[in-house]
Every structure is written in C-alpha cells, then in structure tokens.
Amino acid sequence: MTTPFTPLRLRDLDISNRLWMSPMCTYSANATGPATGSPTDFHLAQYTARAAGGAGLVMIEATGVRADGRISPYDLGLWDDTQTAAFTRLAASITAAGAVPAIQLAHAGRKASVDKPWLGGSPLDETQNGWPIVGPSETAFPGYPAPAELSVTEIADIVDAFAQAATRALQARFQVVEVHAAHGYLLHSFLSPASNTRTDNFGGSFNNRIRFPLEVIDAVRAVWPEDRPVFLRVSTTDWIQENPADERTGWTVEETIEFSRLAAEHGVDLVDSSSGGTEPAPIPRERDYQTRNAARIRTETALPVAAVGRINDAVWAAELIADGHADALFLGRPLLRDASWINNAATTLGAQPRYIEQYDYAL
Ligand SMILES: Cc1cc2nc3c(=O)[nH]c(=O)nc-3n(C[C@H](O)[C@H](O)[C@H](O)COP(=O)(O)O)c2cc1C
C-alpha cells in the first residue's frame, strides 16, 4: 500500500515522502534597494524549519519572473542575476535539512501591485511603490484598476522572463520548478474566458487560451534539465459553472483535464491541483472541495497529481494517498501553524520522522 511516507520518483529525482510544503507568499522580501526581491533571514528560517519538520519537498512561494509580475512589492523575485545568490543559500539550507528544494515561478498579471494582506492588501499606485498592471484584456479584477492588455510582443517577453527565471533557479540549485497557472494570476487569467476576452491567437477558443501557458511551459522545459521535474499549478475550476444561476463563463474541470494532458506532452511531470481566483465566486465548504478534482485529473489523465487544500488530518492524508486520490499532498496553513506537522504525522502513522542529527540524540 502506498502511504504518505512512500518515496516518490519523478524523472531522476527521488523525493523522500509525499507530504510537501505548499507555496505561500510571506510578503517578507526586500521591497526597495539593491536586494529587492531577494530572500531574507525570515525566508531562511521559514523554509528551513519546514524542511527539518519533515516535508519531502519545500515549494518556495510565488516568485516573480519580473518586477511587475510580483503580487506585492514584498514578494520574492528572480528577474535579475543579482538575486540568484540569496536563493542559492535558501535552496542549500532546505537541502541540508533533508527536503527537496522547489520554487514556484509566477507573474501576478491583473492581480499584481497590492499591499501586504495584513495592511489591507489594497492596490498600490506608483507613488506607493506599486506599478501599472497587465492582463489578457482590459477587464479588471473587481476592486482593482483595469489592466493594460498585453501585446503579442509583450507576451513573448514574459515567456522569455519565465525561461530566464528558471535558469536562475537552476543556478541556485533548485531541483523542481513549478509554473504558477492558478489563482487568477497572469497565466490562469489567459486560460479563463471570464478574464480573457481577446480576439487574437491568445483568446477565444480553448486552444488559443492555453497557447501562452503552453509557451511558458515549453520555454521553462527548454532550460530545465531532462532529469528534473517541472510542476504545473492549476486552478481546476473558477467555481462559476458549478453554480447554474451564474451567467458568467469560467474555466472548468473538463478544460483542466485536457490542458493537463497537453501540458504533460509539453514536459510537465506533475499537476498541482488547486482552484479558484479568477473572479469572485463561492467556494464549497466540504473538506474534499479540491481533493476531489485532483482525483478526477489523476483518474482521467493517469498523470502524477498533487492535491492541496484543507488537508489537516494525518489519517485523512493517508487515505487520500492509499485510495489513489493523489500521488502527493501539499500542505499550506497546517505548516504555518506547526512547522513539524509532517514529522508529527509520521509518528501518528507509524512512519519514521525526519532524522535531524542536531535533535535526534536529545529526544
Ligand atoms: C498566506 C498564504 C499565502 C499563499 N501564497 C501562495 C502562493 O504564493 N502560491 C500559490 O500557488 N498558492 C499560495 N497560497 C495557497 C496555498 O498554497 C494553498 O494552496 C492553500 O492555502 C490551501 O491549502 P491549505 O488549506 O493547506 O492552506 C497561499 C496561501 C496562504 C494561506
């Protein structure tokens, strides 16, 4: 029987278990000066603690491939060579604590340029260290300014920025790179007809809406070594079609399944299955609200899939893996509450917690 502590091999990478740290913005990067976008001492402590706490893989939070692709001025970024050194230290620290270092590359699109959430998260203008935002069309996310519609040349520049950021992530010795195509950020906003109303080759039909995300996957795959995996985070649904009274047209699970198949043909090794974020829409309350769509993708595509969302119980986590709902599970808020959640889950499930020489002899 497969358990959360059964190792997983993707390409030539061995991951010691299947409970992983989900990417979570910490809004703790330098926001001004020469080290803008670089990890700080906070990041080093945050990620190393979760690695020591037993995570098989630690995914660094959304990292901007360009300065104007950050969610906030306090986000991490890999748009410049000067940023690579601090990421190298971060990846080394995660590796030393026993986890696979992974990094999520992102462009926030029409949801960029906002303040820290605990300061209200409001859109920032250029006098507040913010910047003009861009998107597939001029349709604004509610409460945000209207984005400028990206030209075809600008789209190509962003594809190139993803490849350059992936190259820097490789130089920093990350083992996995994840393309962020979820939560209403730039790539998801192209996928979804709710935010993409373009009439050129990048809008309209399904094949046109997936064109830019697939170009990003191709560009990242082209620089990422053959022996290392590329992950893709998707929102499986905009939660629009699920509501018959909603007249909008959103991105659907069926489209996600087809997109996942094509993404795999373009070199994606694992689909990280999240949901929502393009447009405000009610999200179901059940605990399996996201894991059930992950299970559908896994069944219908036979691709490796990671589930995420409200997985806060070790026994349920073990059932999700044993029953084949997912190959791996990302944990978010449980790891904010308790850095050693995964080691504790190992104890609960009769598996071996991560061996940390600095602690083990004393316990
Ligand atoms: C503070 C916070 C920051 C987040 N930042 C990101 C992010 O950078 N990238 C991303 O894909 N998801 C992000 N998420 C979503 C989480 O990765 C995760 O999918 C979500 O919290 C659901 O999992 P959970 O119920 O285990 O927390 C964030 C969530 C939280 C709570």
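**Burial and salt bridges**

Modeller: Glu 279 is buried, with a relative accessible area of 13%; buried means under 20% relative accessible area, exposed over 50%, and partly exposed in between (1.4 Å probe, protein chains only). This is a predicted model, in which local features need pLDDT of at least 70, side-chain atom pairs count only at pLDDT 80 or more, and totals for chains, interfaces and linings use all residues. Residues are numbered from 1 along each chain as its sequence is written, and side-chain values use heavy atoms, with hydrogens and water left out.

Colleague: Which side chain meets Glu 279 in a salt bridge?

Modeller: A salt bridge is a side-chain nitrogen of Lys or Arg within 4 Å of a carboxyl oxygen of Asp or Glu. Here the partner of Glu 279 is Arg 248, at 3.4 Å from N to O. Arg 248 counts as partly exposed, at 30% relative accessibility.

Colleague: How many salt bridges does a search of the whole structure find?

Modeller: The search finds 19. One of them joins Asp 81 and Arg 168 (2.7 Å, N to O). Asp 81 counts as exposed at 55% relative accessibility, whereas Arg 168 is buried at 8%.

Colleague: Why is strand β4 described as largely enclosed?

Modeller: Strands (E, at least two residues) and helices (H or I, at least four) are DSSP runs, numbered from the N terminus. In β4 (residues 57–64), 8 of the 8 residues are buried, so the strand is largely enclosed by the rest of the structure.
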